[in-house]
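The exercises below are to be worked through with the sequence and the coordinates side by side. Each task is followed by a solution that goes step by step.

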Amino acid sequence: MNWNELNEDSEWLFRQLARSDEKAERDEKTEQLEQLVRKLKEPGILRKKIREQEEFDYLTAYRRLIGRRDAVGGTAQVKRRVATREKRHSKGLRRKAWNVAAGILLIIGAGTAIFHTAHEHATEQQEELMLAGILPGSPKAVLTTSDGVTRELGGAPAVIREGDGHAILADSSGIHYEGDNKQTESTTVYHTLTVPRGGEYFITLSDSTCVWLNADSKLKYPVHFAGKTREVTVSGEAYFQVKKQNGQPFVVHTRHGSITVLGTEFNIRSYPDNPQSVTTLVNGKIRYRHHAGGQEAVLAPCQQLVTDSRGIESLSDTDPRYACGWKSGAFLFRNKSLEEIMQQLERWYDIHVFYTNPEVKELHFSGDLSRFRHIGTFIEMLEESSKVKIKVRDRNLIIGWGK
């Protein structure tokens, strides 16, 4: 029975019950059935009943209805012995009415199941479509020159020329500065390279120092280095491979302090929305000086320094791969909290994460996955290895406890 047939049968049932020559048979059960039919005729009642599945136990209602119908049927067998043909016809109509009513209840129940199954299936399809739109990061950045002009990088190769004639080469692999360092301090020109959420970028500075910038990061640097030091400022996360130059140390300024190096490789993570800054040395030697109180620390290879706005928090041995894996295209986690992991995913996939249960933030995970895997892989991994449930709404991930 489809919905059109249901409507026709309910109309028929209502007409039969409304007939004036049936007054003698309008007992309590008939009144209840009439109320049911009238209720079914109300606009939107079926949709409302479907949405109230948990409050409407259609199986119990159907069993009760069948029981009542059987009782009516049993009485009818006795009455048939003395009933007229017209009375038997009336009983036939009544019995048909009960069958239609039972069918209506069954369809409501079936409709409820179909509605919820279809709704769940539609929700799954919507989540799949939304997941398909959340892609891994890619090489892209915005270059802001000294005159305030901005250029988007990461697409077709381009040659950018400065006023002094020096060429800057930009392509999908990064941006590359060339030329000598004969510039004087009075003519120092600064550029700013900004990598948005969902991006990463590579830059070769004019002294051949290589810098990899992670998502949501910014680097300010001179087009050419002049003076006794080579100084840059970084916000976010960056991996430095500093070209050694005797007599001209390389200095990296962060919001908490400065890092001085001669020739080395290290990773700095210092995002404005995170109270801590983390510096990890791969090889060589660096000296860290905190802005507050002038605290200093010297790092040896495979050591990690953690600082905040008040000073140095800790200096410890570490495996640099976990801090620097992003540079090689991998997420490496070792006993990291879910909150820390999702902060990285937020920047890389350009998403936003919300928690319905704050306790899930403290769950810890270990593992490694390619940064270029679909985000659905991460969601599946997290859900299968814990009791969390992650829902996708547009570019938002909502995380809480599963059922």
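**Exercise 1. Is the crossing of α7 and α8 left-handed or right-handed?**

Solution. The model is a predicted one, in which local features need pLDDT of at least 70 and side-chain atom pairs count only at pLDDT 80 or more, whereas totals for chains, interfaces and linings use all residues. Residues are numbered from 1 along each chain as its sequence is written, and side-chain values use heavy atoms, with hydrogens and water left out.

Begin with the elements: helices (H or I, at least four residues) and strands (E, at least two) are DSSP runs numbered from the N terminus. Helix α7 covers residues 338-349 and helix α8 residues 375-384, and their axes come within 12 Å and cross at roughly 170°; here axes are lines fitted to C-alpha atoms, for helices over the stretch in contact, and angles run from 0 to 180 degrees between N-to-C directions. That makes α7 roughly antiparallel to α8, a term used for angles over 145 degrees. The crossing of α7 and α8 is left-handed, meaning that the near helix is turned anticlockwise from the far one by less than a right angle.

The contact (heavy atoms within 4.5 Å) is made by Leu338, Met342, Leu345 and Tyr349 of α7 together with Ile375, Phe378 and Leu382 of α8. Sorted by class, the contact of α7 with α8 has seven nonpolar, no polar and no charged residues, where Ala, Val, Leu, Ile, Met, Phe, Trp, Tyr, Cys and Pro count as nonpolar, Asp, Glu, Lys and Arg as charged, and the others, Gly among them, as polar.

**Exercise 2. Which residues touch the most other members of the largest nonpolar core?**

Solution. Start from the chain, which has eight helices and 24 strands and in which buried residues make up 41% of the 403 residues; buried means under 20% relative accessible area, exposed over 50% and partly exposed in between, with a 1.4 Å probe and protein chains only. A nonpolar core is a set of buried Ala, Val, Leu, Ile, Met, Phe, Trp, Tyr and Cys residues joined through side-chain atoms within 4.5 Å.

In the largest such core, of 36 residues, Ile175, Leu193, Phe240 and Phe266 touch the most other members. Strand β11 (residues 230-241) supplies the largest share of this core, four residues. Beyond four places in sequence, the residues that phenylalanine 240 touches include Cys210, Val211, Phe250 and Phe266. A second, separate core has 25 residues, among them Leu131, Val353, Ile375 and Leu397.

**Exercise 3. Is tyrosine 221 buried or exposed, and where is arginine 289?**

Solution. Tyrosine 221 is in strand β10 (residues 217-222) and is buried, with a relative accessible area of 0%. Apart from neighbours within four places in sequence, the contacts of tyrosine 221 include Leu143, Tyr177, His191 and Val232.

Arginine 289 lies in strand β16 (residues 286-290) and is partly exposed, with a relative accessible area of 44%. The C-alpha atoms of arginine 289 and serine 258 are 5.4 Å apart, although the two residues are 31 residues apart in sequence. When residues up to four places away are not counted, arginine 289 touches Gly257, Ser258, Gly294, Gln295 and Glu296.

Valine 306, in strand β18 (residues 303-308), counts as buried at 11% relative accessibility. Its C-alpha atom is separated by 4.7 Å from that of valine 278, 28 residues apart along the chain.

**Exercise 4. What is the phi of serine 208, and what is that of aspartate 350?**

Solution. As background, most residues other than glycine have a negative phi. Serine 208, which is not a glycine, has a positive phi of about 75°; serine 208 is found in the loop between β8 (199-204) and β9 (210-213) and counts as partly exposed at 43% relative accessibility. Aspartate 350 likewise has a positive phi, near 55°; aspartate 350 is placed in the loop between α7 and β21 (352-355) and counts as partly exposed at 29% relative accessibility.

Methods
Parallel < 35°, antiparallel > 145°, perpendicular 65-115°, else oblique.
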